[in-house]
Amino acid sequence: MACPHVSAAAAYIKSFRPTWSPSAIKSSLITTASPMSSGMNSDAEFAYGSGHLNPIKAINPGLIYDSNEVDYINFLCGQGYDTRFLRQVSRDNATCSAATNGTVLSDLNYPSFAVFTSSSTTVRRVFNRTVTNVGSPMATYRARVSFPTRTARVRVNPNVLSFTSVGQKLSFQVIIEGTMDASMVSGSLVWDDGAHKARSPIVVFASIS
């Protein structure tokens, strides 16, 4: 969040949601952003992120993808960073272990899904995510997936999340499988309860072999 308008937006949300973590605030900005057309830039989300930010809408996103320091430590360990480098980042006695070194990078609880593959390779990637209900206490969200290609598909399991209280957490998987018929396909997952729409970008990028 280096850009001034992204910072000015985060501060605005923090004034209304003082207990939210930086990850929760970032999630609310991503999932409530208005999507942009990939026709504006062939690099799609790699160029413009999740879209146009809407700080007013982000105050009440319905769902958030939250994460904490431990999640990011596990993410860095999973990328192969050693304890010395990790402590330079964390400024504490954090360590990488055999368990954290095996952390799946795609399982960082982030509100987007990206896969890099080869155009000639069949891909199957499973993303594990957990969302927290910050909207209505009683809410049922249904998954709506848009992924415009005939050779790959995206499944969400479960595709319905039913909440009974604010602050309740529920987990799901996003499974992307198939082959690519284009160098990049840009889509989305939207969790919709009729009052809130929490949108996450899905991008699959294929190298041309």
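Biologist: Which residue in strand 7 is the bridge partner of R129?

Modeller: The partner of R129 is F172. This is a predicted model, in which local features need pLDDT of at least 70 and side-chain atom pairs count only at pLDDT 80 or more, while totals for chains, interfaces and linings use all residues. Residues are numbered from 1 along each chain as its sequence is written, and side-chain values use heavy atoms, with hydrogens and water left out.

Biologist: How do you know that strand 3 and strand 7 are joined as a pair?

Modeller: Two strands pair if DSSP finds at least two bridges between them. Strand 3 and strand 7 have 10 bridges and run antiparallel, so they count as a pair. The strands themselves are DSSP runs of E, at least two residues each, and helices are runs of H or I, at least four, all numbered from the N terminus.

Biologist: Why do strand 1 and strand 3 count as a pair?

Modeller: They have two bridges, in the antiparallel sense; the rule asks for at least two, so they pair.

Biologist: What joins strand 5 to strand 7?

Modeller: Six bridges do, and these strands run antiparallel. Here R155 stands opposite I175 of strand 7.

Biologist: In what order do the four strands form the open sheet?

Modeller: The order is 1-3-7-5, with antiparallel pairing. Strand 1 (63-64) and strand 5 (152-157) are the edge strands, as each pairs on one side only.

Biologist: Why is Y141 called buried?

Modeller: Buried means under 20% relative accessible area, exposed means over 50%, and partly exposed lies in between (1.4 Å probe, protein chains only). Y141 has 0%, so it is buried. F163 has 2%, so it is buried too.

Biologist: What makes a set of residues a nonpolar core?

Modeller: The members are buried Ala, Val, Leu, Ile, Met, Phe, Trp, Tyr and Cys residues, joined through side-chain atoms within 4.5 Å. The largest core here has 26 residues, and F172, V174, I176, L189 and W191 have the most contacts inside it. Strand 9 (197-207) gives the largest share of this core, four residues. Apart from it lies another core of 10 residues, including I25 and V134.

Biologist: Why is the aromatic pair of F116 and F205 called stacked?

Modeller: Rings of Phe, Tyr and Trp (its six-membered ring) pair if their centres lie within 6.5 Å; planes under 30 degrees apart count as stacked, over 60 as edge-to-face and the rest as tilted. The whole structure has six aromatic pairs. For F116 and F205 the centres are 5.5 Å apart and the planes at 20°, so the pair is stacked. F116 is in strand 2 and F205 in strand 9, 89 residues apart. F116 is exposed at 55% relative accessible area, whereas F205, at 33%, is partly exposed.

Biologist: What makes the pair of Y141 and F163 edge-to-face?

Modeller: Their ring centres are 5.9 Å apart and their planes at 90°, so the pair is edge-to-face. Y141 is in strand 4 and F163 in strand 6, 22 residues apart.

Biologist: Which residues form one aromatic cluster?

Modeller: The cluster consists of Y65, F172 and W191.

Biologist: How do you know that I56 is exposed?

Modeller: I56 has a relative accessible area of 63%, which puts it in the exposed class. Its place is in helix 4 (residues 55-58).
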